[in-house]
Amino acid sequence: MIRVSEAQEILLKFSKKGPTERIPFENCLNRMLAENIFADRDAPPFDRVAMDGIAIQSDQLQIRQQFVIEDIQAAGQEQKSLNNPENCLEVMTGAVLPAHTDCVIPYEKLTIKNGVARLISTDHKAFQNTHKKGIDAKKGEQLLSSGTWIHPGVKGVLATTGHTEVEVAQLPKVMICSTGDELVPIQNTPLPHQIRRSNVYMLQAALKDLNIEAHTTHLPDDKEQLNASIGKLLEEYDLLMFSGAVSKGKYDFLPDVFEELGIQIHIHGVKQKPGKPFLFGTKSTKSIFGFPGNPSSTLVCFHLYFKCWFNHYLGNSPKSNYAYLNKEVTFKKPLTNHLLIKSSFEDGKILAEPVINSGSGDLVHLALADGFLSLPPEKDTFKKGELFPITYFHQTGL
Ligand code: AMP
Ligand code: MG
């Protein structure tokens with residue numbers, strides 16, 4: 001059996017960078033930018049007033065403390081001009097700095113009476129509270145590069161540069177398939193021997209965090225039906241994600257069915273807990289992920305393997321995060337132990353507190369964890385204060 005890192009290397013070998021597409025600006029949040037973005041004008045585009053107050057000529061600060069208000073320069077008005085250097089103009093944040101002024105004194109630092117502004121402090125200097133034209137970027141300068149994840153701030157830059165359409169990495173068309181004759185739809189009241197098919201919704205939610213709207217279906221533990229249904233799904237979808245039926249049980253038919261359908265299985269079994277029977281295969285351009293059915297196995301494998309594949313598909317190379325184990329743990333098997341944890345932040349460190357659970361079938365405690373630490377197979381005692389890779393379950397974006 002292979003190690004976690006070997007499985008990830010194989011995944012990278014068989015995943016290709018995907019195509020790009022042009023989409024409306026409204027839909028670009030949480031997508032991967034696939035073009036470089038340039039400033040269409042200077043940023044800011046004019047000398048901008050950065051606080052509400054008065055604008056003066058800074059030379060006058062040596063001579064006087066009070067200024068007659070000539071006029072108001074509001075945001076959205078064309079540039080006005082200070083006629084008499086001994087006077088001032090009231091100015092509003094976002095307005096163009098009036099001609100013949102170079103200093104903005106905020107309302108908090110003055111009093112106004114009978115049309116005259118009087119300074120209540122003297123510590124003012126030229127260019128204060130002004131935002132110089134082009135200081136952030138010059139027209140034509142590159143602001144964003146292809147391969148940037150579009151978070152709200154990035155979306156703001158796309159808006160300010162007038163991008164009504166954006167080139168982004170295409171998302172794969174994904175079908176999530178639950179398997180297992182014990183599963184019923186969530187709106188049903190299960191019989192004593194049945195359970196609701198929760199994994200499908202967990203995977204759908206995890207994909208939604210990545211902006212992928214996946215479809216779902218259910219397949220019975222029946223070889224012929226599996227064969228017929230998966231054959232059709234392979235034609236329609238780029239990526240199939242299965243939960244269950246990849247282990248050693250009598251009804252775990254997926255590995256056989258995949259081979260019958262000409263799917264090449266590249267990974268089946270990883271030295272890890274949970275998720276040992278994890279499977280990954282391909283058929284021409286299609287990718288197939290088989291997650292073991294226990295909820296923790298499904299979610300852990302999604303984060304370790306699907307996200308590894310997806311990052312490569314988008315052309316992204318994420319950095320690993322690390323956290324300090326906050327309680328000693330022993331684990332004697334020669335497997336990577338993906339330990340459920342709750343993280344916290346203390347003295348500049350991320351601490352990971354193990355979440356006690358009864359195993360990979362324990363969905364109740366999975367929900368209390370916010371991720372897992374991957375403890376390597378070489379050791380069996382992991383001390384408090386040691387640093388290990390952490391993966392978070394919920395993190396919108398990559
Ligand atoms: P399997 O991998 O098919 O052997 O399933 C392992 C365990 O996971 C069994 O207890 C299944 O009932 C459970 N399981 C499989 N699929 C799901 C699902 N979609 N939702 C919740 N539990 C599941
Ligand atoms: Mg099953």
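## Surroundings of Met 175

In this predicted model, Met 175 is in contact with His 215, Thr 216, Thr 217, Leu 233, Tyr 237, Leu 239, Leu 240 and Met 241, leaving aside its neighbours within four places in sequence. Met 175 belongs to strand 13. Its relative accessible area is 7%, and Met 175 is therefore buried, the limit being under 20%. The C-alpha atoms of Met 175 and Glu 378 are separated by 37 Å, and these two residues are 203 residues apart along the chain.

The charged end of Lys 173 sits over the ring of Tyr 237, 5.1 Å from the ring centre.

Six strands form an open sheet in the order 16-13-17-21-20-18, and their pairing is mixed. Strand 16 (215-219) and strand 18 (264-268) are the edge strands, each of which pairs on one side only. From one strand to the next, the twist averages 20°.

Strand 18 and strand 20 (residues 279-283) run antiparallel and are joined by four bridges. Within this pairing, Ile 265 stands opposite Gly 281 in strand 20. Helix 1 (residues 4-14) packs on the sheet, where it touches strand 18, strand 20 and strand 21 (286-291). The direction of helix 1 makes about 155° with that of strand 18.

## Nonpolar cores

The largest nonpolar core has 42 residues, of which Met 241, Phe 289, Tyr 305 and Phe 306 touch the most other members. At least two residues of this core are supplied by each of helix 1, strand 13 (174-179), helix 3 (198-208), strand 17 (239-243), strand 21 and helix 6 (295-314). Helix 6 gives the largest share, 12 residues.

Phe 289 illustrates how these elements meet. Leaving aside its neighbours within four places in sequence, Phe 289 is in contact with Leu 11, Leu 239, Leu 240, Met 241, Phe 242, Phe 278, Leu 279, Phe 280, Tyr 305, Phe 306 and Trp 309. A second, separate core comprises 20 residues and includes Val 246, Phe 253, Ile 263 and Leu 279.

## Aromatic pairs and charges over rings

The whole structure contains 16 aromatic pairs. One of them, between Phe 278 and Phe 289, is tilted, with 6.3 Å centre to centre and 45° between the planes. This pair links distant parts of the chain: Phe 278 is in the loop between strand 19 (272-273) and strand 20, whereas Phe 289 is in strand 21, 11 residues apart. Phe 278 counts as buried because its relative accessibility is 0%. Phe 289 also counts as buried because its relative accessibility is 0%.

Another pair, between Phe 382 and Phe 388, is edge-to-face, with 5.7 Å centre to centre and 75° between the planes. Both Phe 382 and Phe 388 are buried. One aromatic cluster is formed by Phe 278, Phe 280, Phe 289, Phe 291, Phe 302, Tyr 305, Phe 306, Trp 309, Phe 310 and Tyr 313. A charge also lies over the ring of Phe 25: the charged end of Lys 155 sits 4.9 Å from the centre of that ring.

## Loops and backbone geometry

The bond from Ala 43 to Pro 44 is cis, with omega near -10°, and Pro 44 has its place in the loop between strand 2 (37-38) and strand 3 (48-49). The bond from Lys 273 to Pro 274 is likewise cis, with omega near -5°. Pro 274 is found in the loop between strand 19 and strand 20, the loop that also holds Phe 278.

Positive phi values occur at residues other than glycine. His 100, with phi near 70°, is found in the loop between strand 6 (88-91) and strand 7 (103-106). The relative accessible area of His 100 is 52%, and this residue is therefore exposed, the limit being over 50%. Phe 127 has a positive phi of about 70° and lies in the loop between strand 9 (116-119) and strand 10 (130-131).

Leaving aside its neighbours within four places in sequence, Gln 60 is in contact with Phe 67, Pro 85 and Glu 86.

Conventions
Residues are numbered from 1 along each chain as its sequence is written. Chains are lettered from A and ligands numbered from 1 in the order in which they are written. This is a predicted model: local features need pLDDT of at least 70, side-chain atom pairs count only at pLDDT 80 or more; totals for chains, interfaces and linings use all residues. Side-chain values use heavy atoms; hydrogens and water are left out. Two strands pair if DSSP finds at least two bridges between them. Axes are lines fitted to C-alpha atoms, for helices over the stretch in contact, and angles run from 0 to 180 degrees between N-to-C directions. Contact means heavy atoms within 4.5 Å. A nonpolar core is a set of buried Ala, Val, Leu, Ile, Met, Phe, Trp, Tyr and Cys residues joined through side-chain atoms within 4.5 Å. Buried means under 20% relative accessible area, exposed over 50%, partly exposed in between (1.4 Å probe, protein chains only). Rings of Phe, Tyr and Trp (its six-membered ring) pair if their centres lie within 6.5 Å; planes under 30 degrees apart count as stacked, over 60 as edge-to-face and the rest as tilted. A charge sits over a ring if NZ of Lys or CZ of Arg is within 6 Å of the ring centre and within 35 degrees of the ring normal.
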